[in-house]
Number of protein chains: 2
Amino acid sequence: MDKKVSFEVIKRLPRYYRYLGELLKNDRTRISSKELSEKMNVTASQIRQDLNCFGGFGQQGYGYNVESLYNAIGGILGLNEGHKTIIIGAGHLGHALANYSSFQKRGFKLIGIFDNNPQKIGESVNEHKILSMDELDAFVKEHTPSIAILTVPKAVVHDIAQKLVSLGIKGLLNFCYTDVDIPSHVCIENVHLSDSLMTLSYKLKNMQ
Amino acid sequence: MDKKVSFEVIKRLPRYYRYLGELLKNDRTRISSKELSEKMNVTASQIRQDLNCFGGFGQQGYGYNVESLYNAIGGILGLNEGHKTIIIGAGHLGHALANYSSFQKRGFKLIGIFDNNPQKIGESVNEHKILSMDELDAFVKEHTPSIAILTVPKAVVHDIAQKLVSLGIKGLLNFCYTDVDIPSHVCIENVHLSDSLMTLSYKLKNMQ
């Protein structure tokens, strides 16, 4: 069933997951689709439709059980699979991401960080020594990470992505603003930090 | 008309804008909604619906004029308004964002970066000296930035947001994972870096 779920629905799942996680932390046991909808800024019917894509979880008149829905969405997102993750590029963004505690909380386990700058190699970031790119092959073969986060310059991102794919990496999170050609058995997610600034600009323009 | 446009449509506008910008760079003059839809991973009818929210731009049988559509979406997003932007927090993420060239390209002009760490104050980042938080009041009054990007620890984000609002900042881009209460005349956009990793995880799970 999951295969037919639209991209827009999938994009909303992390938001549901985060929000339900907050409710859980505050010991909430259930929530109505109406309240969930107000918090999430989508209609209640949209929420019901979204969750029905995966079989539906609510009960008429009761709403959703927060913990079951949280766990179910985590399962749908594959967050309980303990993805071993590496970061390529130990610049400021690489450092920031290595220290980003939400990644670990969501089941992404950082196991290595790489750079080709001799001045960075050997430095420690969040208990990981920055490794040389020369060590990448052996490391990936030994530790079999499934995800690589790319925070490298545009000029090298394509070659590095090809190398990672040839080493068996299955998923790339790319922070570099460029198209990367990868084979169809590999997944890529491109992050565009300026999108949120553009959305903010829209809001500012239409609020005045 | 803009006021009624749904959040989901607005969220897609930056993607249209980026993609059209790429086409422009490659000297493309027009594009069909079909081709645009394949690249953007939304249906052609969705694209037509989205753009109709703003009056529509295509011509039957011709498609869209790339440059006009690019400029029109830029206008809708308010990107030609030259937002003066400051960054609060000169840690790794603050540094990375200060060096992020897409921000400037999209019309967001970085005019200052602030931190409260004496060891950072006075350092240069992308031609800006890191200023002390003590200088924030006077700086904002003199230079009237409209947007502040927050890359500060969770414990202080609420107080800093309140201060910025009281100084007249109209838009906040918040990278800290926490809810910030702000008055209704101020806009906030929260960035959750782990959302894209969760989306990637979903793709990985459903591709195997």
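Visitor: What makes B:Lys34 and B:Glu38 exposed?

Guide: Exposed means over 50% relative accessible area, buried under 20%, and partly exposed in between (1.4 Å probe, protein chains only). Both B:Lys34 and B:Glu38 fall in the exposed class. This is a predicted model, in which local features need pLDDT of at least 70 and side-chain atom pairs count only at pLDDT 80 or more, while totals for chains, interfaces and linings use all residues. Residues are numbered from 1 along each chain as its sequence is written, chains are lettered from A in the order in which they are written, and side-chain values use heavy atoms, without hydrogens and water.

Visitor: Why is the pair B:Lys34 and B:Glu38 called a salt bridge?

Guide: The term requires a side-chain nitrogen of Lys or Arg within 4 Å of a carboxyl oxygen of Asp or Glu. The closest N and O atoms of B:Lys34 and B:Glu38 are 3.2 Å apart, so the pair meets the definition. Both residues lie in helix α2 (residues 33-40) of chain B, four residues apart, which is about one helical turn. Helices here are DSSP runs (H or I, at least four residues), and strands are runs of E of at least two, numbered from the N terminus.

Visitor: Which parts of the chain does the pair B:Arg12 and B:Asp50 link?

Guide: B:Arg12 and B:Asp50 form a salt bridge, with 2.6 Å between the closest N and O atoms. The pair links distant parts of the chain, helix α1 (residues 7-25) and helix α3 (residues 44-52) of chain B, 38 residues apart. Both B:Arg12 and B:Asp50 are buried.

Visitor: How do you know that the copies meet through the same surface?

Guide: Contact means heavy atoms within 4.5 Å, and 68 residues of chain A are in contact with 68 residues of chain B. Because 100% of the interface residues of chain A are also interface residues in chain B, the copies meet through the same surface.
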